[in-house]
Amino acid sequence: MNVDIIFKIAAIGILITVITQVLKKSDRDDIATLVALAGLVIVLTLVINMISDLFTNIKNIFNLY
């Protein structure tokens with residue numbers, strides 16, 4: 001596993017947190033919630049791609065299918 005992915009996820013988390021806090025302070029709670037959900041979807045996309053690569057590698061290692 002590459003350490004860059006961990007840094008990307010952490011950077012996205014920090015960025016989303018800052019944006020969400022700024023929006024909440026300006027009384028835009030609905031938009032802050034949407035931004036938080038968008039950040040969650042982005043991170044889940046990264047993680048799902050990593051899991052897909054993992055299963056592909058396992059399949060190739062054990063010559064399955």
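Me: What is the accessible surface of the protein chain, and what share of it belongs to carbon and sulfur atoms?
Reply: The model is predicted. Its protein chain has an accessible surface of about 5400 Å². The share that belongs to carbon and sulfur atoms is 70%.

Me: Which residues form a nonpolar patch on the surface, and what is their accessible area together?
Reply: The patch includes Ile51, Leu54, Phe55 and Ile58. Ile61, Phe62 and Leu64 also belong to the patch. Together these residues have an accessible area of about 720 Å².

Me: Where does Phe62 lie, and does it count as buried or exposed?
Reply: Phe62 lies in the segment after α2. Its relative accessibility is 59%. The cut-off for exposed is over 50%, so Phe62 counts as exposed.

Me: What is the radius of gyration of the protein chain?
Reply: A compact globule of 65 residues would have a value near 11 Å. The C-alpha atoms of this chain fill a box of roughly 55 × 20 × 5 Å along the principal axes. The radius of gyration of the chain is 17 Å.

Me: What span does α2 reach from its first C-alpha to its last?
Reply: Helix α2 has 33 residues. At 1.5 Å a residue, the expected span is 48 Å. The span in the model is close to that, at 48 Å.

Me: What span does α1 reach from its first C-alpha to its last?
Reply: Helix α1 has 23 residues. The expectation at 1.5 Å a residue is 33 Å. The model is close to this value, with a span of 33 Å.

Me: Which residues of α1 are buried, and which helix is included in what covers them?
Reply: The buried residues of α1 are Ile16, Thr20 and Leu23. Buried means under 20% relative accessible area. What covers these residues includes α2.

Me: Which residues of α2 are buried, and which helix is included in what covers them?
Reply: In α2, Ala32, Val35, Gly39 and Val43 are buried. Over the protein chain, buried residues make up 11% of the 65 residues. What covers the buried residues of α2 includes α1.

Me: Where is Asp27, and what is its relative accessible area?
Reply: Asp27 is in the loop between α1 and α2. Asp27 has a positive phi of about 60° although it is not a glycine. It is exposed, with a relative accessible area of 67%.

Me: Which residue with a positive phi follows α2?
Reply: After α1 comes Asp27, with a positive phi near 60°. After α2 there is also a residue whose phi is positive, near 55°. That residue is Asn63.

How values were computed:
Residues are numbered from 1 along each chain as its sequence is written. This is a predicted model: local features need pLDDT of at least 70, side-chain atom pairs count only at pLDDT 80 or more; totals for chains, interfaces and linings use all residues. Side-chain values use heavy atoms; hydrogens and water are left out. Helices (H or I, at least four residues) and strands (E, at least two) are DSSP runs, numbered from the N terminus. The expected span of a helix is 1.5 Å times one less than its number of residues. Buried means under 20% relative accessible area, exposed over 50%, partly exposed in between (1.4 Å probe, protein chains only). Contact means heavy atoms within 4.5 Å. Patches are made of residues with over 30% relative accessible area and no salt bridge: like charges are joined within 9 Å, nonpolar side chains (Val, Leu, Ile, Met, Phe, Trp, Tyr) within 5 Å. Accessible areas come from the Shrake-Rupley method with a 1.4 Å probe; for residues, only the protein chains shown count as cover. A salt bridge is a side-chain nitrogen of Lys or Arg within 4 Å of a carboxyl oxygen of Asp or Glu. The radius of gyration is taken over C-alpha atoms; the globule rule is 2.2 Å times the number of residues to the power 0.38.
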